[in-house]
Amino acid sequence: MIFKKIVFQIFSKLNLTSLSVVFFVLFVMLFIFLKVFVFLPSENSVSYTNNNQNVLGLNIPSNLEFCGEKIPSNSIAIKEDLEKEFFNNNYWKSNSAVLFAKAKKWFPYIEPILKQQGIPDDFKYVAVIESHLSNIVSPAGAAGFWQLMPASAQNYGLEVNEFVDERLDVERSTVAACKHIKEAHSVFNNWTLSAAAYNLGIGGIQSALKKQNSSNYYDLLLNSETGSFIYRILAYKTLFSNPAHFGIKKKKLNYFNKIPLKSYKVDSTITNLAYLAKHLGCTKAVIKLYNPWFLGESLLNPEQKIYEFKIPKNLKADYSSYIVDLIGEDGVSTQETEASKGIEIKTPDSTKTN
């Protein structure tokens, strides 16, 4: 009773304003107590770190063009695709030296043919993309520097059968690829669409243009491979023309001279490769290495078609770096490796060459 009287007396002496202050202070103290000691803070699931490391258009070369056809620069989608090919593909960062060495050897074979056939020089990067300038064979059956399928190769004048595969002849396959590109250009009158058609086929691009009511590659929705094909070409073009753009030390593309070759024309059946090798004054290994299109040990030729075999003029020269590209990824035997270094019989002076 005494305590109640004391409390009553205290509050009776306080006016209404003082009571408000007291209650406010008590409320604040209670809130702090509950926040700190009773209710633990919930886990913060929101990250305040900006994980988007992509800045659209960052360090993408300005005024990009393919075969003189400008690349649209006002599209976010295009910039994203370019950035993906320019910066998400690490192949050239670790293999640029290999690519440059291959280009020095094989561009001198490819560029003159493109020029002769009226095809823009930028198309040489298609071969770089397709095969990295090697006679590889894909799981789908495409072969050679230009990765031509058998039916397509035959359609453009190459022989492909159990005895011969001219897709593996760099120069002949380049001519065939040019025919494909020219046919596409006659349909689309556009080099960019022609390059896309090299990947997807002329009919495939025609169908996509019709279905999507478009006349422009950059407006099409295509499969991932064809949809990135032109952007990848542009990335490789930039790599070779300006490697510093990728932080790669400038490499001069001082082209190597072509291998000095002797050419022999054969219009009869070859019953045994050993006989031909003896006639040419070399070994079977030399013939096989420098003529990878010749698949077996014999060749039926009832129609007397003319086949051209080539061997180096200097059989002692070391052309092993060329051979590695010509044989693709199958590897070579010790005998063939020695042959590629020229440790062979010299060609007799009496042997006729063409």
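Me: What kind of model is it?
Reply: This is a predicted model: local features need pLDDT of at least 70, side-chain atom pairs count only at pLDDT 80 or more, and totals for chains, interfaces and linings use all residues. Residues are numbered from 1 along each chain as its sequence is written, and side-chain values use heavy atoms, with hydrogens and water left out.

Me: How many cavities of 30 Å³ or more does the structure hold?
Reply: One. A cavity is a set of points, on a 1 Å grid over the protein atoms alone, where a 1.4 Å probe fits but cannot get out.

Me: How much space lies in the largest cavity?
Reply: About 220 Å³. That volume is the space filled by probe spheres set on the points, with grid points joined across faces, edges and corners.

Me: Now pockets. How much space lies in the second largest pocket?
Reply: About 290 Å³. A pocket is an open set with protein on both sides within 12 Å along at least five of seven lines. Of its 17 lining residues, Asp-81, Leu-220, Leu-221, Gly-227 and Tyr-231 are the closest to the centre.

Me: Which helix gives the largest share of that lining?
Reply: H3, with five residues. H3 (76-87) and H10 (224-227) each supply at least two. The classes in this pocket's lining are eight nonpolar, five polar and four charged.

Me: Switching to packing. At what angle do H7 and H9 cross?
Reply: Roughly 20 degrees, and the axes of H7 (170-188) and H9 (202-211) come within 10 Å. Axes are lines fitted to C-alpha atoms, for helices over the stretch in contact, and angles run from 0 to 180 degrees between N-to-C directions. H7 and H9 are therefore roughly parallel (under 35 degrees).

Me: Which residues of H7 and H9 meet?
Reply: Glu-183, Ala-184, Val-187 and Phe-188 in H7 meet Ile-202, Ile-205, Gln-206 and Leu-209 in H9. Contact means heavy atoms within 4.5 Å. These contact residues split into six nonpolar, one polar and one charged.

Me: And at what angle do H8 and H9 pack?
Reply: About 120 degrees, with the axes of H8 (191-200) and H9 7 Å apart. On the H8 side, Leu-193, Ala-196, Ala-197 and Leu-200 take part, and they meet Ile-202, Gly-204, Ile-205 and Leu-209 in H9. Seven of the residues in this contact are nonpolar, one is polar and none is charged.

Me: How about H8 and H11, at what angle do they pack?
Reply: About 105 degrees, with the axes of H8 and H11 (229-241) 9 Å apart. H8 and H11 are therefore roughly perpendicular (65 to 115 degrees).

How values were computed: Helix = DSSP H or I, 4+ residues; strand = E, 2+ residues; numbered from the N terminus. Parallel < 35°, antiparallel > 145°, perpendicular 65-115°, else oblique. Nonpolar A, V, L, I, M, F, W, Y, C, P; charged D, E, K, R; others polar. 1 Å grid on protein atoms, 1.4 Å probe; cavity = no way out; pocket = protein on both sides within 12 Å on 5 of 7 lines; lining within 4 Å.
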